[in-house]
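Thanks for coming. I will keep this short and go through one model, starting with a term and then working through the parts.

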Amino acid sequence: MTRSHPHAGRGRPPLPRGWRRRLARLPIAFFRVGLGPVFGRRLLLLHHTGRNSGLDRRVALEVVAHDAREGTWTLASGFGPKAAWYRNLRAAPKTTIQVGTRHYAVTAHFPNADEGAEIMARYARTRPRTARRLCSFMGFDVADGSADSYRRAGRHIPFVRLDAAPGQHVR
């Protein structure tokens with residue numbers, strides 16, 4: 001795969017600090033005060049448990065794909081497999097999410113590289129500009145915009161599929 005710089009895609013972007021971190025965490029405050037619907041189905045609030053501390057944690061994440069019929073949401077870890085929320089879900093996959101004002105009990109599943117490739121190719125078809133920005137952010141060159149370039153990038157992106165608990169009516 002062509003990369004934009006020698007370490008691109010292997011390392012991930014640094015976690016935001018200072019005002020950028022506060023800005024990235026702002027959607028959490030929106031969810032807390034009941035303004036989650038402003039994000040539509042584009043963002044969700046993931047509740048997770050710290051794998052070492054055992055404390056409740058929250059993070060607002062972009063939804064890569066949502067299937068209301070199947071009751072699933074798919075997320076991508078832009079900061080790679082070492083992102084705290086990703087590692088916490090690996091340690092404790094049963095959790096809850098908030099979408100708008102609705103809460104769902106979910107279980108996290110971790111697609112393999114080939115599934116990740118197809119997830120990214122589908123995402124690029126439905127949201128080409130955002131997919132291009134996401135890949136660029138993570139250091140993957142998808143300048144040609146081909147499905148194959150997105151599949152190559154998707155093989156290196158950690159995805160998570162959240163499945164709603166049986167019996168929940170998902171919108």
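Predicted model: local features only at pLDDT ≥ 70, side-chain atom pairs only at ≥ 80, totals over all residues.

On the H3 side the contact is made by Met 120, Tyr 123, Ala 124, Arg 125 and Thr 126. H4 contributes Pro 128, Thr 130, Ala 131, Leu 134 and Cys 135.

Next is helix H5, residues 147–154. Which of its residues are buried? They are Ser 149, Tyr 150, Ala 153 and Gly 154. Looking down the axis of H5, these fall within an arc of 140°, so they line one face of the helix. They pack against H3, H4 and strand S7, which spans 159–164.

Now the sheet. It is open, has seven strands, and runs in the order S2-S1-S5-S6-S7-S4-S3, with antiparallel pairing. S2 (56–62) and S3 (65–67) stand at the edges with a single partner strand each, so one side of each has no neighbour in the sheet. On average, neighbouring strands are turned by 30° against each other, direction ignored. S1, residues 43–49, is joined to S2 by seven bridges, and the two run antiparallel. Within that pair, Leu 44 stands opposite Leu 61.

On to the cores. The largest nonpolar core has 20 residues, and those touching the most other members are Leu 44, Leu 46, Trp 73, Trp 85, Ile 97 and Leu 162. At least two residues of this core come from each of S1, S2, S4, H2, S5, S6 and S7. There is also a second, separate core of 16 residues, including Val 64, Ala 76, Cys 135 and Phe 140.

Apart from neighbours within four places in sequence, its contacts include Val 59, Leu 61, Trp 85, Leu 89, Ile 97 and Leu 162. Arg 57, Arg 58, Thr 95 and Thr 96 are also among them.

Last, helix H2, residues 84–91. Its buried residues are Trp 85, Tyr 86, Asn 88 and Leu 89. They cover an arc of only 165° around the axis, which puts them on the same side of H2. The cover over these residues includes S1, S2, S4, S5, S6 and S7.

That is what I have.

Note on methods:
Residues numbered from 1 in each chain as written. Heavy atoms only, no water. Buried < 20%, exposed > 50% of the residue type's maximum accessible area, 1.4 Å probe, protein only. Helix = DSSP H or I, 4+ residues; strand = E, 2+ residues; numbered from the N terminus. Arc of directions from axis to C-beta. Contact = heavy atoms within 4.5 Å. Pairing = 2+ DSSP bridges. Axes fitted to C-alpha atoms, helices over the stretch in contact; angles between N-to-C directions. Core = buried A, V, L, I, M, F, W, Y, C linked by side-chain atoms within 4.5 Å.
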